Amino acid sequence: MISEIIEIKKSLENEEISCSELIDYKLDQIEKNIKNSTILPITSAKEVAIKIDEKIRKNELLNILDGVPFWVKDIFLVEWTKTTAGSKILENYVSPYTATVVQKLLDSWAILVAKENCDAFWHGSTNENSHYWPVKNAHNNELVSGWSSGWSAVNVAIKNTVFSIWEDTWGSIRQPASYNQVVWFKPSYGTVSRHWAIAYASSLDTVWPIANTVSDIAIVMDIIAGKDINDATSRAKEWSYKEQLEDMDRKGKKIWYYKTFLDEKILDKKIFEDIEKTIKECEKRGAEIVELEAFDHELLVSTYYIIAMAETASNLARIDWVRYWLSIKDVKEIKELYLKSRGQWFSEETKRRIVLWNQILSQWYADKYYTKARVARQKLIEQTNKDFEKVDMIISPVTANKPPKIWETLNDPIKMYMSDVFTVGFSLAKVPTIAIPIEWYSALQLSTAYGTDQTNIKYAYNMEKLIKW
Amino acid sequence: MSNFSLEELSLIEWAKEQEKILKFFDIIDAHITENDIQNYWNRIRNVIAFEDIERDDTINDKIKNAEIIEMFPQKEGKYLKTPKII
């Protein structure tokens, strides 16, 4: 099993490196590349490392995540640290609470080293919308890193961190996987608690890990998945992810790929060839390949945007000066206060979404469009459930092209929005999806039925081995 | 109905490009009929049973507010110094 987490555990147990040395090294890396973190690194990381070293000196058994450094996207609340969501308006917000997912990792003695920058309220497809600075691709610093989670992808790719925890709404974890060559896993909706994570679109948000291998994803999922009484949509974990990784017989497995997604005219040549080659390799090993038409592309993207943007506009209503300690002077009345705080400190992309999409929630537009979008989503969920009665997994590309140059797509929102076509359907259908890198900017997206997260990771583990042909 | 149409809102300087987004509404309109809404209405309604509703746990705000002021993290050199180990 290739696992960076297990390698660290062995190195600590064999005293090849102390936990303090490991954390100092990671903090040095952050200092050299500070623009990949929003806020300052966390000092208590060093104090936790000292406790782990004491444990090793006393020959105590180490748990799987003892002393393993990790980062979180700056949308998860962590007690007494700043949580900015990449925005100016929350620049000084300090949380008195810790998100359930982070607490579970801290309770496992993983070490939180820093929090990661992101597009402000993760509005954007390219990580150029952060209040702080754009994120550059891990392999080419003239190119974008990927959707709002690109920061994490870069940090994992350049080994600033062993794994990161992020939140995905429409595919923001999967596209950067291909752009930066790391593994990302979006579980079924409700697999991991969203408690004290800043919401984007509540009916679509899922919390998930990013790492360099599928094995590391399984190890982290074992810790973070499960029922949380503070998140009514969370589900109980039924069995171990790591124990599900044993070899799988591909013979007899039915793999479905969307005919319309695997089109030479749409896809970059390398992406097309890599996906086609993977499908042929699966067929050679006994898998049955089924070719089907996908849900209408334009309908998918339209449904997603109407639902997600209406929900994000609603969620953003709570972000104002009053609750989040932004310094506004010379304000005479409440309207002026709102105009000055929300008007000045929200990014252009955030304001664009608030203005346009709040309109969707008004009575007439809600009946005409929002309700119709919810019907379209329900149709998609029912269709996807039926499809997974016929096939075991669906293979698809993550993105159509190589990453664009920084600032290239910001002036064309439609182009930016349409780049989501390969990922939004699975988010709307709430099913688990994983992205495994094949080569730089080319990745395989593998989806399974709702609630089969362990099966998804097992297939991905075996597919990861197959891809290294 | 509100005072502004989507078309009017799209004319705001920084929202001009959003005119293109109106295409999304045309697509939804073309694909989903009134008949679909009637057929799916019960399945898309979010209904919560009375017995599913639980009382929220509340905390003493005065204590939490004092804690927030006392525990506010400070910048210490190149690090953020938190008041407790996290």
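So, Tyr369 of chain A: at 9% relative accessibility, it counts as buried, because the cut-off for buried is under 20%. Keep in mind that this is a predicted model. What does the ring of Tyr369(A) pair with? Its partner is Phe25(B), and the two ring centres are 4.7 Å apart. The planes sit at 40 degrees, so we call this pair tilted.

That pair crosses between chains. On one side you have Tyr369(A) in helix H13 of chain A, residues 363-390, and on the other Phe25(B) in helix H2 of chain B. Phe25(B) is buried too, with a relative accessible area of 2%.

Okay, let's stay with helix H2 of chain B. H2(B) covers residues 22-31, and its axis comes within 9 Å of the axis of helix H9 of chain A, residues 297-315. The two axes cross at roughly 115 degrees, which makes H9(A) roughly perpendicular to H2(B). For anyone who likes handedness, H9(A) passes H2(B) in a left-handed crossing.

Who's making the contact? From H9(A) it's Glu298(A), Leu299(A), Val301(A), Ser302(A), Thr303(A), Tyr305(A) and Ile306(A). From H2(B) you get Lys23(B), Phe24(B), Phe25(B), Ile27(B), Ile28(B) and His31(B). Sort the contact by class and you have eight nonpolar residues, three polar and two charged. So Phe25(B), our partner from the tilted pair, turns up in this helix contact as well.

Back to aromatics for a minute. Searching the whole structure, over all chains, gives six aromatic pairs. One of them is Tyr304(A) with Tyr305(A): ring centres 4.8 Å apart, planes at 80 degrees, so that one is edge-to-face. Are those two tyrosines buried or exposed? Tyr304(A) is buried, at a relative accessible area of 0%, and Tyr305(A) is buried as well, at 2%. Tyr305(A) and Phe24(B) are both on the contact list for H9(A) and H2(B), by the way.

Glu439(A) is in strand E9, residues 433-439. This glutamate counts as partly exposed, with 39% relative accessibility. And how far is Glu439(A) from Ile219(A), in sequence and in space? In sequence they're 220 residues apart, and in space it's 24 Å, C-alpha to C-alpha.

Key: Residues are numbered from 1 along each chain as its sequence is written. Chains are lettered from A and ligands numbered from 1 in the order in which they are written. This is a predicted model: local features need pLDDT of at least 70, side-chain atom pairs count only at pLDDT 80 or more; totals for chains, interfaces and linings use all residues. Side-chain values use heavy atoms; hydrogens and water are left out. Axes are lines fitted to C-alpha atoms, for helices over the stretch in contact, and angles run from 0 to 180 degrees between N-to-C directions. Helices (H or I, at least four residues) and strands (E, at least two) are DSSP runs, numbered from the N terminus. Angles under 35 degrees count as roughly parallel, over 145 as roughly antiparallel, 65 to 115 as roughly perpendicular and the rest as oblique. A crossing is left-handed if the near helix is turned anticlockwise from the far one by less than a right angle, and right-handed if clockwise. Contact means heavy atoms within 4.5 Å. Ala, Val, Leu, Ile, Met, Phe, Trp, Tyr, Cys and Pro count as nonpolar, Asp, Glu, Lys and Arg as charged, and the others, Gly among them, as polar. Buried means under 20% relative accessible area, exposed over 50%, partly exposed in between (1.4 Å probe, protein chains only). Rings of Phe, Tyr and Trp (its six-membered ring) pair if their centres lie within 6.5 Å; planes under 30 degrees apart count as stacked, over 60 as edge-to-face and the rest as tilted.
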